[in-house]
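The following paragraphs lead the reader through a structure step by step. Please keep the sequence and the three-dimensional view side by side while reading.

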Amino acid sequence: MKERSGSDAFTLVETIVVAVLGFSVLSVMMGLWSGGSRMSRAAEGSSLLQGALVLEDVLIRDVRQLGHDPRRRESFLLSDGCLSFYRTVFTKNDIRLRPVRFSRVNDGHGNFYLNRAELLPGKKLQENIFRQALLSQCRFSLIQDRFSGNRYLRFEFTVIDRSNEKVRKASDSSSTHSLVLRIPTPSDLGNPALKPATRILPEADFLPLAL
Amino acid sequence: MIRQTRGESERSRCRAALGSLLAIVLLLCLVLAILGMGSLVQSTGTGRTYSRVVDTRLVLEAADAALSEAVVHLRRSMDENKARPPACPDNWRQLLFDVFRGPEHRPSDRTIVPVRTRAIFEAEVGPLLIDNVLVSVVGAYVEPPGLFLRYPPQGVLEMSVTVRGAQKVLQVGKTVRQRRIFYLLVRREVAARRTLRSDSTRFTLLSDPLGTVVE
C-alpha cells in the first residue's frame with residue numbers, strides 16, 4: 001500500500017519543477033499578452049491615423065483649387081458640418097467653376113462618414129464617401145485674420161475605431177485632428193476694367209448645405 | 001515489471017503534459033505572431049499613407065514656390081524689356097506685346113527655369129524633381145480700332161509646373177496650373193495716337209491667380 005501511494009503521488013522535486021515551469025509559461029504568456037495588446041492598440045491608432053490622413057489630403061487639394069465667382073460676395077457656404085464651394089476647372093479660354101460639397105453621411109449608429117459630392121457636366125452628381133474614416137465629430141469653421149485680411153478654413157474632426165462601433169467618443173479609441181487651410185484670395189476680380197480678359201463661368205449654383 | 005510499467009506511464013503522462021503545454025505555448029505564439037503581422041502590415045500601410053501625404057504636401061509647396069518664382073522672373077523681364085537667361089530666356093514684354101497683334105502671335109509653352117526654388121528645395125528638403133515652368137497665353141483682348149480705349153489691352157497667362165516626389169516608390173507627381181491676368185498700362189497720349197509701342201507702355205501681371213488646378 002505504502003509503495004503504491006508513494007509512487008502515485010508527485011514528489012517534492014516534481015512539484016517544484018512543474019511549479020517553476022508553470023510560472024515561467026505564465027510569465028511568458030503575460031509578456032506576450034501585454035505585447036499583443038500594445039500591438040493591437042498601435043494597429044488601431046495606425047488605422048485611425050490612416051483615415052485622418054486621407055481626409056486631410058483630399059481637403060488640402062480641394063481648398064487649394066477653390067474658385068471665386070466674381071458676381072458673388074462669398075466664395076463658399078459653410079455650416080457646422082457642411083462646406084459648399086466651387087472647384088476651379090480650366091477650359092481652353094474660360095475658367096469654369098464646378099460645385100463641390102463636403103457633408104456628413106450617417107452610419108446608422110450615431111456616427112458618420114464624410115461625403116464629397118461634385119456636380120459634373122450634365123448635372124451628374126459624383127459622390128465619394130470616405131468609409132476609411134468613421135467620424136464621431138466633424139466641424140467646419142472660418143477664421144478671419146483682422147490684421148492681414150486673410151481668411152482660413154478650419155476643419156476639426158474625430159476619427160473613431162470602426163471595429164468597436166459601440167464606442168462613442170471614447171478617448172482611447174479615437175483620434176482628434178484639426179486642419180487649418182488658407183482660403184485663396186481672389187485676384188482683382190471686382191475690377192471692371194479687367195472684365196474682357198477671361199470669362200469665369202459657374203456651371204451651376206452652389207450645392208445646398210446638407211442638414 | 002509492474003514498477004517499471006508505472007514509471008513509464010508516469011513519464012509518458014509527464015511527456016504528454018509537457019507536450020500539451022508546449023503546444024499551447026506554440027499556439028499562443030502563433031496567434032500573437034499573426035496579430036503582430038497584422039499590426040505590422042497596418043502600420044506599414046499607415047507609413048506609406050503618411051509618406052504619400054507628406055510627399056504630396058511637399059510637391060504642392062514646391063509647385064507653388066516655382067510658380068511664384070516664375071512670376072518674379074516674368075515681371076522683371078517685363079519691366080527691364082529684356083531676356084534674363086538662364087532663368088528667363090525670353091523677353092516677355094516683347095512677347096506679350098506681340099500677343100495683341102493677333103492670336104497667331106500668342107506664346108505657347110515657353111519655359112521659365114525655377115532656379116532658386118530648385119536650389120532651396122534641394123538644400124532643405126531633398127531631391128524633388130521640379131520641372132521647368134511652362135507659360136502660355138490662353139486669351140487676349142484688345143479693343144478693335146475705332147473704339148474708345150475703355151478697357152486696357154489685357155490677357156490671361158497660364159503657368160504650369162510638374163513636380164515629382166522625392167520617394168520614387170510612392171510615385172507622387174502633381175501638375176499645378178494657375179492663370180493670371182496681365183494688362184497693359186497705356187498713357188493717354190499714346191492711347192490717343194493709337195500707336196502702341198513696347199517701349200512706351202508698361203505691363204502689369206497680377207500676383208494672385210484667377211484660379212489653381214491640381215492634376
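In strand S4 of chain A, the bridge partner of A:Phe85 is A:Val100. Helices and strands are here DSSP runs, numbered from the N terminus, with at least four residues of type H or I for a helix and at least two of type E for a strand. Residues are numbered from 1 along each chain as its sequence is written, and chains are lettered from A, and ligands numbered from 1, in the order in which they are written. The model is a predicted one, in which local features need pLDDT of at least 70 and side-chain atom pairs count only at pLDDT 80 or more, while totals for chains, interfaces and linings use all residues.

Two strands are said to pair if DSSP finds at least two bridges between them. Strand S3 (residues 82-90) and strand S4 (residues 95-106) of chain A run antiparallel and are joined by eight bridges. These two strands form a hairpin with four residues between them. S4(A) is also joined by seven bridges to strand S5 (residues 112-120) of chain A, again in an antiparallel manner. Within that pairing, A:Ser103 has A:Asn115 in S5(A) as its bridge partner. S4(A) and S5(A) form a hairpin with five residues between them, and A:Gly108 in the turn has a positive phi of about 90°. In which direction does S4(A) run relative to strand S9 (residues 200-202) of chain A, parallel or antiparallel? The two run parallel and are joined by three bridges, with A:Leu97 opposite A:Pro202 in S9(A).

The segment after S9 of chain A holds A:Leu207. A residue is buried if 20 or more other C-beta atoms lie within 10 Å of its own, exposed if 12 or fewer do, and partly exposed in between, with C-beta atoms placed from the backbone. A:Leu207 counts as buried because it has 21 C-beta neighbours inside 10 Å. Although A:Leu207 and A:Ser84 are 123 residues apart in sequence, they are 6.1 Å apart in space, C-alpha to C-alpha. Two residues are in contact if their C-beta atoms, placed from the backbone, lie within 7 Å. With neighbours within four places in sequence left aside, A:Leu207 is in contact with A:Ser84, A:Pro99, A:Arg101, A:Ala117 and A:Leu119.

Chain A as a whole can now be considered. It has two helices and nine strands, and along the sequence the pattern is α-α-β-β-β-β-β-β-β-β-β. Of the 211 residues in chain A, 27% are buried. Among contacts in chain A with a separation of 6 or more, 53% are between residues 24 or more positions apart. The pLDDT, which is the predictor's confidence in each residue from 0 to 100, averages 82 in chain A, and 88% of the residues score at least 70. Over residues 167-171 of chain A, however, the pLDDT is below 50; this stretch has seven contacts in the model beyond near neighbours in sequence.

Chain B has four helices and seven strands, in the order α-α-β-α-β-β-β-β-α-β-β. Buried residues account for 31% of its 215 residues. Helix H2 (residues 92-99) of chain B is mostly covered, with six of its eight residues buried. These are B:Trp92, B:Arg93, B:Leu95, B:Leu96, B:Phe97 and B:Val99.

The two chains also meet. The contact takes 42 residues from chain B and 37 residues from chain A. Which element gives the most to the side of chain B that touches chain A? Helix H1 of chain B does so, with 20 residues. One residue of this helix is B:Val53, which is partly exposed because 19 other C-beta atoms lie within 10 Å. Apart from its neighbours within four places in sequence, B:Val53 is in contact with A:Leu53, A:Glu56 and A:Asp57.

Finally, there is the nonpolar core, a set of buried Ala, Val, Leu, Ile, Met, Phe, Trp, Tyr and Cys residues joined through C-beta atoms within 7 Å. The largest such core has 69 residues, and those with the most contacts inside it are B:Leu67 and B:Ala70. H1(B) provides the largest share of this core, nine residues. Not counting residues up to four places away in sequence, B:Ala70 touches B:Ile112, B:Pro114, B:Val133, B:Val135 and B:Met159.
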